[in-house]
Amino acid sequence: MNNNGNNKNDNKGHPEKRTERKRNVKGNGDMHPADHSSLRLRAEALLEKQKGQLDELYTQDLEKIVHELGTYQIELELQNEDLKTTQADLNESRRKYVDLYDHAPVGYCTIAPTGVILSANLTVARMLGRARHDLLRTPFPLLVAENDRDAFFMHLRKTVRENTRQSAELEMLTNDGGGIHVLLESNPVTDSAGKVVEIRTAATDITEKKLKELEIINLNRELLRSNEDLLHFAFIVSHDLQEPLRTVSSFIQLLERKYGHLLDDKGNLYMRHIVGGTEHMRHLLADLLIFSRVGSGKLARESVSLQRVLENVRKNLAETIRENDAEIVTETLPVVSGDESLVTDLLQNLISNSLKYRNGDPPKIRISSFSEDGHWIISVQDNGIGIDMQYADQIFLIFQRLHQRNEFEGTGIGLAICKRIVERHGGRIWVESEPGNGATFFFALPKAGADSYAW
Ligand code: ADP
């Protein structure tokens with residue numbers, strides 16, 4: 001290219017040379033006519049000679065130019081080859097990108113802030129059973145089930161207004177008149193001024209998950225209903241059986257009082273078994289009644305001071321505490337949200353067990369609390385006989401006992417009641433123990449408002 005320019009300069013030189021030549025000739029115009037013809041001859045000869053030089057000069061320049069042009073052409077051809085390869089690469093990656101976009105496992109579409117679909121991949125078209133071109137320029141809300149349209153508008157508005165990624169679960173209409181549940185995840189796209197100009201939305205088909213959820217909800221409802229039926233049944237049975245049991249008990253007492261002296265040792269032993277049996281049945285029915293009551297009925301939601309609850313439990317169990325020479329140590333306990341009478345039953349059951357399942361030493365019971373994720377965890381730790389952890393779940397089931405009645409009295413309902421109370425409050429209960437080394441029962445109850453203590 002530069003040489004080319006030089007050539008131009010070279011060419012520029014020629015007219016100057018020609019002007020020079022003219023000046024020389026003009027300058028000689030004032031000479032004597034006799035000299036004129038010889039001069040002219042000389043001049044013509046000179047000109048002829050210079051003409052030859054000029055031609056030679058032009059030829060050299062042209063060769064240079066042709067060479068330059070040839071090189072330039074090759075350069076261009078090479079560049080052209082490069083461009084062709086780049087174009088082919090671009091086409092290939094575009095094809096790959098379009099392929100990935102169209103056949104992605106989730107549906108993709110671009111929506112204008114007005115809700116009109118600007119582009120859609122084949123997956124979203126397939127999900128809705130429609131042709132892609134039918135989706136383009138269609139308002140997205142027309143594809144959303146009527147009940148969910150407001151939810152979609154809110155989703156769209158929020159994406160545009162907050163200019164952040166938003167998600168929503170909706171039902172969309174398919175071409176065959178059916179519906180699918182989708183999870184929409186929308187990302188705003190902004191222009192250089194930061195204004196949202198498009199929304200890129202990914203739609204995942206979650207119909208199966210939704211159906212499963214629905215199934216679980218229905219099963220849960222059914223379970224709740226049958227649970228209620230069962231509790232009602234337990235209530236009726238325990239309540240109604242108490243009456244005939246009372247009759248049996250009182251007639252046995254009469255029998256013993258009036259005719260006991262006629263019985264021999266064996267007869268008296270049988271009598272004691274009958275009395276013991278009816279007594280146990282009375283306890284069973286009473287506990288069953290409590291169990292059915294804690295499972296149903298309205299749950300009060302009040303601020304319950306565990307400190308106050310513990311004082312009441314201490315009073316209720318005062319005699320047993322004294323008889324066992326037991327000690328209950330505690331730190332300041334928090335306030336929970338719940339039903340005070342049920343929370344009292346809960347703590348009383350656990351402390352009663354700690355008093356009952358004692359070993360040779362006087363029972364020492366420590367009650368503590370700590371905070372965890374909006375809940376208070378309360379622990380009731382004792383120094384009693386402990387529990388083999390393989391039964392850690394079993395002991396919370398109704399009528400499950402680890403001991404014979406001649407070892408420890410009981411009905412096997414106490415911990416089932418505790419579990420029901422805690423679960424109705426949205427909490428959980430568990431035990432940590434080692435046989436011979438005491439047991440620690442933990443339960444979680446929701447906090448009452450902000451963290452607070454009652455004194
Ligand atoms: P019950 O005390 O009437 O048997 P529970 O439901 O209260 O019924 O307890 C179930 C079983 O769990 C008990 O039979 C006992 O074996 C075990 N258990 C409960 N509390 C304790 C404890 N503090 N220490 C050792 N074992 C316990």
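In this predicted model, an oxygen atom of the ligand lies 3.3 Å from an N or O atom in the side chain of His 403. A polar backbone atom of Thr 411 is 2.9 Å from an oxygen atom of the ligand. Taken alone, the ligand exposes 530 Å², and the protein buries 98% of that area.

The ligand sits in the largest pocket. Two elements give two or more residues to the shell around the ligand: α10, spanning residues 340–356, and α11, spanning residues 414–424. In total, 19 residues surround the ligand. The closest are Asn 353, Tyr 357, Arg 401, Gly 412 and Leu 415.

Backbone geometry was examined next. Phe 399 lies in the loop between β10 (375–381) and α11. Phi of Phe 399 is near 65 degrees, a positive value in a residue that is not glycine. Phe 399 counts as partly exposed because its relative accessibility is 44%, between the limits of 20% and 50%.

Asp 325 also has a positive phi, near 55 degrees, and is likewise a residue other than glycine. Asp 325 is placed in the loop between α9 (318–323) and β7 (327–330). With a relative accessible area of 56%, Asp 325 is exposed. The assignment follows from the cut-off, since exposed means over 50%.

Leu 135 is buried, because its relative accessible area is 2%, and buried means under 20%. Which residues contact Leu 135, leaving aside its neighbours within four places in sequence? They are Ile 117, Ala 120, Val 124, Ala 125, Leu 128, Arg 130 and Leu 143. One of these partners, Ile 117, is 18 residues from Leu 135 along the chain. The C-alpha atoms of Leu 135 and Ile 117 are separated by 6.7 Å.

Key: Residues numbered from 1 in each chain as written. Predicted model: local features only at pLDDT ≥ 70, side-chain atom pairs only at ≥ 80, totals over all residues. Heavy atoms only, no water. Buried < 20%, exposed > 50% of the residue type's maximum accessible area, 1.4 Å probe, protein only. Contact = heavy atoms within 4.5 Å. Near = heavy atom within 4 Å. Polar contact = N/O pair within 3.5 Å; in protein donor to acceptor, adjacent residues only side chain to side chain. Areas by Shrake-Rupley, 256 points an atom, 1.4 Å probe, with all protein chains shown as cover. 1 Å grid on protein atoms, 1.4 Å probe; cavity = no way out; pocket = protein on both sides within 12 Å on 5 of 7 lines; lining within 4 Å. Sits in = over half its atoms within 2 Å of the grid points. Helix = DSSP H or I, 4+ residues; strand = E, 2+ residues; numbered from the N terminus.
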